[in-house]
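Try each task before you read its solution.

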Amino acid sequence: MNRVTQNLVLTLLGCAVLRISAFSTTYLNYVKPGFRPFLIGAGVVLVILGLIGLLQASRAGDTTAKKSAKDDKHGHPGEHNEHDEHGRAVTSEHGHDHAHGGPRVAWLLCLPVFAIFLIAPPALGSFAASRDDTPPPRDQALSSFTPLVGTGAVEMTIGDFIGRAWDDDKKSLTGREVKLTGFVSPAKKKGQWYVTRMQIACCAADAFPLKVAVKGLPEPPADTWVEVTGTWIPQTFGTMTTGVIYPQMTGKSLTKVDAPDEQYE
């Protein structure tokens, strides 16, 4: 890979980063919204560095071409004739440098460019949620939840529902209708399925699922985005349970919705 190709790949990589961050919301499939300025800045820097490198490579090529033309006209510098032991003339050259390209592994830099332009991987869905049964960390103290006001169904995040279900000593979910929005992920237990959102701290690499088991409603296809209205089912455990236990709700209505731009909580 020569200098021109290296800088061309660098420019394309910068354009790919700008495409998903500055001109679309695709970056939300991979990182939190707060990273957008950093992605745009990184993309701009990559494009500028790539263009500078292409300009320098172009000037170096012009200089080399002019020097070669001059050498062809006046003879090659460093070239002189010697004679072997039989008196025959032998031409030798000294002082010529040969530029070598970078390592071939540098072509791997093209892979993220092709992935972003051609594939654009989606946000994590039911497949990732079904493979991770790690319970989410609880970062709210007991009784730190705000009261639920109004008389209709309360819209809340799945994370807030889970926190209130397990950690609210005032049981604010009791008897209240709530609306949860997420994608459908299958459950191993018959008669229920999960409304799910993935939560990230930084990027998709550290994502873990937030799930609420829905009962009483037919299960839509996996990865379908839905808005579920229902009520919390209080759970009591007479014996020590094993595995991950997700809070449950009795579903009353279900509406299919479009996936939001920001699919992570």
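**Exercise 1.** Does Met156 count as buried or exposed?

*Solution.* Start with the ground rules: this is a predicted model, where local features need pLDDT of at least 70, side-chain atom pairs count only at pLDDT 80 or more, and totals for chains, interfaces and linings use all residues. Residues are numbered from 1 along each chain as its sequence is written, and side-chain values use heavy atoms, with hydrogens and water left out. Met156 has 10% relative accessibility, so it counts as buried (buried is under 20% relative accessible area, exposed over 50%, partly exposed in between, with a 1.4 Å probe and protein chains only).

**Exercise 2.** Find which residues Met156 touches, not counting those up to four places away in sequence.

*Solution.* Apply the contact cut-off, heavy atoms within 4.5 Å. The partners of Met156 are Leu148, Phe161, Arg164, Leu173, Val178, Lys179 and Leu180. Then check a C-alpha distance: Met156 and Thr181 lie 8.2 Å apart in space and 25 residues apart in sequence.

**Exercise 3.** Decide where to read the coordinates with care.

*Solution.* Take pLDDT, the predictor's confidence in each residue from 0 to 100. The protein chain averages 79, and 71% of the residues score at least 70. Over residues 90–99 the pLDDT is below 50, although this stretch has 17 contacts beyond near neighbours in sequence. Where pLDDT is low, the predicted coordinates should not be read in detail.
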